[in-house]
Amino acid sequence: MRSVPKSKRQYVRNFAPGLRAAKLKGAKGAPFPKFIEPSLATLAEKPPSGERWVHEIKFDGYRLQIHVKQGEAKFYTRRGYDWTPRFKNLQAPLWHLPTYGCVLDGEVIVPDDDGVSDFGALESALAKGGSHHLVFYAFDLLYIDGFDVRRCTLLDRKLVLAELMKDAKPPLMFSEHLEVDGKQMYRDACKMKLEGVVSKVVTGTYQSGRSSNWSKTTCRKRETFVVAGIAYKGNKFDGIYLGREQDGALTYAGKVEHGFSAELQRDLERKAKPLLTPRQVLSPQIKKPKAKWLKPVLLAEVEYRALTGEGKLRHPSFKGIREDL
């Protein structure tokens, strides 16, 4: 327990989650880590089935890695950006967790009136510098009280995580997993208009980067695109033009006209203003005389049903601008 000062070790021994973690096969004594590259799920056409897998709800939010240490919490995006100032409402609940220090992996969301995660509402909340509506769902544990548990099995990590969070209350939540048929859970998730399902190997260790241990199946296709330009009809906002990186170039992926609330539109145009450029970045170029072209900086999260034969999006809907990537 090299990361815990001698003066504090007597208190650490009293924390049940840390005691349980210390006994796990694969747990290794280690100093408190810096940002850890997260484990990423591989996109699948259908969810796997069998006793080898458990399944969790896929949330429509931002991936967060939270470092809780000595009464302070730091929040890191998927790429390792420190976004701590944006999550003030989550600080206090984390201080009450029974641990000297831990690293949590999970998703921050804003639920709608039915409890379903709403990516647009999350974007709006973060644009205002945070919100009391933010909720964090913890689905994995990477480190706790002097022990790196990434080499432990998924179920062992989640047992300790459940112990750690058993008395936690909103906005801090534990993401339950279900030992059910993956295909049935996926059908149920789509009927409930959820984002989809994440399936995980029960004996799998925590592997940074994309691996086959985690699989995701979405109810609608979803992708992140470059915002190449803004469409106008007269002086009225009429959507955005998207680009997809392909063979070193930015090719046209289609136009999105739906999914823009007044607030999301204003935020998009505000962020786009300093990026205006007279020359479009798409290759080959497209003819849109009333477009306002942008430098390829903004990233848009877009849902769609399918692709046309030319690779354009069918029935796309704007979900928000991604700042975490």
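Predicted model: local features only at pLDDT ≥ 70, side-chain atom pairs only at ≥ 80, totals over all residues.
Helix α4, spanning residues 119-127, is mostly covered, with seven of its nine residues buried. The buried positions are Phe119, Gly120, Leu122, Glu123, Ser124, Ala125 and Leu126. These residues pack against strands and a helix from several parts of the sequence, namely β4 (62-69), β6 (101-109), β12 (221-233), α7 (262-272), β16 (299-304) and β19 (317-321).

The largest nonpolar core comprises 34 residues, and Phe87, Leu94, Leu104, Leu141 and Leu164 have the most contacts inside it. Two or more residues of this core come from each of β4, β5 (72-76), β6, α4, β7 (135-144), α5 (154-164) and β9 (172-174). The surroundings of Leu164 may be described in detail: leaving aside residues up to four places away in sequence, Leu164 touches Pro17, Leu97, Pro98, Thr99, Cys102, Leu104, Leu141 and Ile144. Two of these partners, Leu104 and Leu141, are themselves listed with Leu164 among the residues with the most contacts inside the core. A second, separate core consists of 22 residues, including Phe225, Leu264, Leu275 and Ala300.

The salt bridges in the model number 18. One of them pairs Arg63 with Asp105, with the closest N and O atoms 2.8 Å apart. Because Arg63 belongs to strand β4 and Asp105 to strand β6, this pair ties together parts that are 42 residues apart in sequence. Both Arg63 and Asp105 are buried. Another salt bridge links the side chains of Asp148 and Arg150, at an N to O distance of 2.6 Å.

Arg222 is in strand β12 and Glu301 in strand β16, so that the pair ties together parts 79 residues apart in sequence. Arg222 counts as buried at 16% relative accessibility, and Glu301 is buried with a relative accessible area of 8%. This pair also belongs to a network in which salt bridges with shared partners join Lys58, Asp60, Glu195, Arg222, Glu301, Glu303 and Arg322.

The peptide bond from Pro170 to Pro171 is cis, with omega near 15°, and Pro171 is located in the loop between α5 and β9. Ser283 and Pro284 are likewise joined by a cis peptide bond, with omega about 0°; Pro284 is placed in the loop between α7 and β15 (292-293).

Positive phi values occur at two aspartate residues. Asp145, in the loop between β7 and β8 (147-148), has phi near 45° although this residue is not glycine. For Asp247, in the loop between β13 (236-246) and β14 (249-256), phi is near 50°. The two residues have contrasting accessibility: Asp145 is buried, with a relative accessible area of 2%, while Asp247 is exposed, at 79%.

Technical notes: Residues numbered from 1 in each chain as written. Heavy atoms only, no water. Buried < 20%, exposed > 50% of the residue type's maximum accessible area, 1.4 Å probe, protein only. Helix = DSSP H or I, 4+ residues; strand = E, 2+ residues; numbered from the N terminus. Contact = heavy atoms within 4.5 Å. Salt bridge = Lys/Arg side-chain N within 4 Å of Asp/Glu carboxyl O. Core = buried A, V, L, I, M, F, W, Y, C linked by side-chain atoms within 4.5 Å.
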